[in-house]
Amino acid sequence: MFSYENFKLFYDLIENMLLPLFLIALCIGWKNINVRYLMIVLVALEVLDNTTYEIALGWGNPYYIWSMLMCVLFIFPVVGRRLLAERLQSRSAFFRQVNKHYYVSKQEGAFLFVHFISLLINLVTYIEVTLYTHYVIDSYPIRNNLYSPVQSFVHIAEGILVLTIANRFRKERYETTNGAAAKSC
């Protein structure tokens, strides 16, 4: 019904829209140091995702494990951003500013939620496909009918959330004046 094979062009378009959206969000939110940091990390992860996708697709069932790993990597910038900034603040003024003005927005919480959904659908699909390859079940309806639409929803939601984060904080700027950080709009 909604299988990848039936909607290949649509699913490929949705999958490849994220890198341009991340770059647009980076430009929109450049003034805000936290948005800039988050978007730079997300762009790097999306480049990694895009370069390894074709390789992982050829692996068969382990593709879903790779996809779960990518979900965890996309969760890290939201959850581990401050920890990384704390460790690197002694080496860079940029990370000192990030650590000083760190916050997590509601949109970032929603970003975590959609990646958790993606992680969950990948896990369920991996289990289903493994059971199918071991002749425990006769078909894989979740992979055929649910996997691609859920992943498309995740990609669309991720793009919207990233643009929302960048737009929300586009006018907020953190400047360092006389050793003190001042927030100006």
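Good morning. The model is a predicted one, in which local features need pLDDT of at least 70 and side-chain atom pairs count only at pLDDT 80 or more, while totals for chains, interfaces and linings use all residues. Residues are numbered from 1 along each chain as its sequence is written, and side-chain values use heavy atoms, with hydrogens and water left out.

I begin with the overall fold. The chain has eight helices and two strands; these are DSSP runs, H or I of at least four residues for helices and E of at least two for strands, numbered from the N terminus. Read from the N terminus, the order is α-α-α-α-α-α-α-α-β-β. Of its 185 residues, 41% count as buried, where buried means under 20% relative accessible area, exposed over 50%, and partly exposed in between, with a 1.4 Å probe and protein chains only. Taking contact as heavy atoms within 4.5 Å, residues 24 or more positions apart supply 71% of the contacts that have a separation of 6 or more.

Next, the interior. A nonpolar core here is a set of buried Ala, Val, Leu, Ile, Met, Phe, Trp, Tyr and Cys residues joined through side-chain atoms within 4.5 Å. The largest one holds 32 residues, and Met39 and Leu42 touch the most other members. Two or more residues come from each of α2 (18–28), α3 (33–57), α4 (62–79), α7 (106–133) and α8 (141–168). A second, separate core has five residues, among them Ile33, Tyr37, Ala85 and Val98.

What does Met39 contact beyond its neighbours within four places in sequence? Its partners are Phe22, Ala25, Leu26, Val162 and Ile165. Phe22, in helix α2, counts as buried because its relative accessibility is 0%. With the same exclusion of neighbours within four places, Phe22 is in contact with Met39, Leu42, Val43, Glu46, Phe74, Glu158 and Val162. Phe22 and Glu158 are 136 residues apart along the chain, yet their C-alpha atoms are separated by 9.6 Å.

I turn to the surface. The chain exposes about 10400 Å², with 67% supplied by carbon and sulfur atoms; accessible areas come from the Shrake-Rupley method with a 1.4 Å probe, and for residues only the protein chains shown count as cover. Phe116, Leu120, Leu123, Val124, Ile127, Leu131 and Val136 form a nonpolar patch with about 580 Å² of accessible area together. Patches are made of residues with over 30% relative accessible area and no salt bridge, like charges being joined within 9 Å and nonpolar side chains (Val, Leu, Ile, Met, Phe, Trp, Tyr) within 5 Å. Val136 sits in the loop between α7 and α8 and is exposed, at 55% relative accessibility.

Finally, the pairings. A salt bridge places a side-chain nitrogen of Lys or Arg within 4 Å of a carboxyl oxygen of Asp or Glu, and the count is two. Glu108 and Arg81 meet at 2.5 Å, N to O. This pair links distant parts of the chain, with Glu108 in helix α7 and Arg81 in helix α5 (residues 81–88), 27 residues apart, and both are buried. In the other bridge, Glu86 and Arg82 meet at 3.6 Å, N to O. They are separated by about one helical turn, because they lie four residues apart in helix α5. Glu86 is partly exposed at 38% relative accessibility, as is Arg82 at 35%.

There are zero disulfides, a disulfide being a pair of cysteine sulfur atoms within 2.5 Å. Cys27 is exposed, at 64% relative accessible area, whereas Cys71 is buried, at 3%. Thank you.
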